[in-house]
Each structure stands twice: as C-alpha cells, then as structure tokens.
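Please read the notes below alongside the sequence and the model.

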Amino acid sequence: MPALPSSRFSITCRPRSPSVPWWAGGCRVRGTGFLLLSYLAYLVLGTGVFWALEGRSTQDRGRNFQRDKWELLQNYTCLDGPALDLLIRGIIQAYKDGTSLLGKSTSMGRWEFVGSFFFSVSTITTIGYGNLSPQTMAARLFCIFFALVGIPFNLVVLNRLGHLMQCGVHRCAHRLGARWQDSAWAQWLTGSAALLSGLLFFLLLPPLLFSHMEGWSYVESFYFAFITLSTVGFGDYVIV
C-alpha cells in the first residue's frame, strides 16, 4: 500500500498512558504554534494597514467637526456649549433607537414591520449592521433567545439549499457527461457555470440594484454587497 503524503499540519494520536489524565489525551496537533503565530501576524498586518489608511482621515474628520462646532458657537452666541453637546448626544441616541428626525416630525419607521423584519434577518444571518439595536430589556432578552434558535436554524436552511444546488450541478454534469461521453469536461463546465452564476447573481448584479435604489456608486454598492454576503456587516452602508 503506498504511503500517504505527509502534511505540515497533521494530527498524531498515540495510546494514552494510564497515568495520564483523560483530558490530557493522546492526540497532538502538529504545527499549531506556527498556525497561531501566522494568525496573529495576519491580524497585526491588518491592524497596521487599517491604522495607516484610516487613522489620519479619522483625525482630520474629528478636527473638522470640532472646528465647525466652535464656529457655530461663535456665530450664534445664544448657543451654550454643554447644551449643544447634550443635543448631539440626543441625536446620536435617537438614531440608535431608530427614530428619524428629518423633516418636521419624528418617525419610528425603522421599527415598523419592514424595519423589524430587516433586523430579524440581519440577526439570524449574523450580519449585524449595528444601525438598529433593541433598547428595551424585554426586546434584548427576546433577541438572545431569537438568535440562539435562529442562527442554527439559518445554518440548517443554508446547508440544505447548498445541498440542493450541489445536487443540481451534479445532475447537470451527469447529463452532459452522458451526452458528450466526457464526464471530466462536463464536471468542469458545470462547476464553472455554477461559480460564474453565483458571482453574477450574488456579487455583480446586486450592486446595480443598490446603486439605483440608494444612489450609491457601483463601487460603494459592490462594497456593501460583499460586506453583506460575507456577513461582516460594518453598518457604514445600510439600506434605508
């Protein structure tokens, strides 16, 4: 029997000595230290790049905001600094609560049926944009229970849909292979078609819709589509 090729990361299991406790085990994962160091190095790399790209811009925006605030207080001497700060905090909290302050009246549109449905979807898909979060204790407790049940349920549904898509690809490959008498070429063709279709319908076409509906550029819409599809959900771009 030919020897199997060795891998850099392999698991070696040896019989456990009676004197060794059960939790110490006899299995040892090779390359764990290198894997953890690589993981840490990747995080440090991302930290450095984001720090370099966003740090100066954030500082500039902060200075501009403070300058505009100071100019506002100078132009309108009737305004009080602490009162303005309190108003700004109230506006930020109102946005977190889902209250729209634009126009002559306030609106709780983000917590109506459509907004609540959007929040439910973003919760069980673990996207979590952060633009909307429950503020009452009852809603927070229900959110915990809803996520505990909904996240595994969502994974089961996605797994079933992925299985159905895989079965469809294999069925197409089998039919094409029987017709062309070349199963390898049929599998490659159907796999490539499935990959291109997924990229088209989930990553390339949605930005066109977002760009039309939200007024974003295609790059901004593509960024939003990728952040949503990867379930990262930063919340800097959200459908309103």
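1. Fold. Seven helices and two strands make up the secondary structure of the chain, where helices (H or I, at least four residues) and strands (E, at least two) are DSSP runs numbered from the N terminus. Along the sequence the order is β-β-α-α-α-α-α-α-α.

2. Basis. The model is predicted, so local features need pLDDT of at least 70 and side-chain atom pairs count only at pLDDT 80 or more, while totals for chains, interfaces and linings use all residues. Residues are numbered from 1 along each chain as its sequence is written, and side-chain values use heavy atoms, with hydrogens and water left out.

3. Confidence. The mean pLDDT (the predictor's confidence in each residue, from 0 to 100) is 76 for the chain, and 79% of the residues score at least 70. Helix α7 has the highest confidence at 93, and strand β1 (residues 11-13) the lowest, at a mean of 49. In residues 20-26 the pLDDT is below 50, and this stretch makes seven contacts in the model beyond near neighbours in sequence; a contact means heavy atoms within 4.5 Å. Residues 104-108 are also below 50, with 10 such contacts. Where pLDDT is low, the predicted coordinates should not be read in detail.

4. Burial and surface. Of the 240 residues in the chain, 16% are buried; buried means under 20% relative accessible area, exposed over 50%, and partly exposed in between (1.4 Å probe, protein chains only). The accessible surface of the chain is about 19100 Å², and carbon and sulfur atoms account for 69% of that area. Areas come from the Shrake-Rupley method with a 1.4 Å probe; for residues, only the protein chains shown count as cover. Among contacts between residues at least 6 apart in sequence, 29% join residues at least 24 apart.

5. Core. Which residues make up the largest nonpolar core? The seven are Ile 127, Tyr 129, Phe 210, Trp 216, Phe 224, Ala 225 and Val 238. A nonpolar core here is a set of buried Ala, Val, Leu, Ile, Met, Phe, Trp, Tyr and Cys residues joined through side-chain atoms within 4.5 Å. Leaving aside residues up to four places away in sequence, Tyr 129 touches a set of residues including Phe 118, Phe 224, Phe 234 and Val 238.

6. Nonpolar patch. A surface patch with about 1100 Å² of accessible area together includes Leu 195, Phe 201, Phe 202, Tyr 218 and Leu 229. Helices α5 (183-204) and α7 (218-229) are the elements that give two or more residues to the patch, and the largest share, seven residues, comes from α5. Leu 199 lies in α5 and counts as partly exposed because its relative accessibility is 37%.

7. Backbone. Most residues other than glycine have a negative phi. Thr 126, in the loop between α3 (113-124) and α4 (137-180), has a positive phi near 60°. Thr 231, in the segment after α7, also has a positive phi, about 60°. Thr 126 is partly exposed at 41% relative accessible area, and Thr 231 is partly exposed at 34%.

8. Helix contact. Val 169 of α4 touches Thr 190, Gly 191 and Ala 194, not counting residues up to four places away in sequence.

Note on methods. Patches are made of residues with over 30% relative accessible area and no salt bridge: like charges are joined within 9 Å, nonpolar side chains (Val, Leu, Ile, Met, Phe, Trp, Tyr) within 5 Å. A salt bridge is a side-chain nitrogen of Lys or Arg within 4 Å of a carboxyl oxygen of Asp or Glu.
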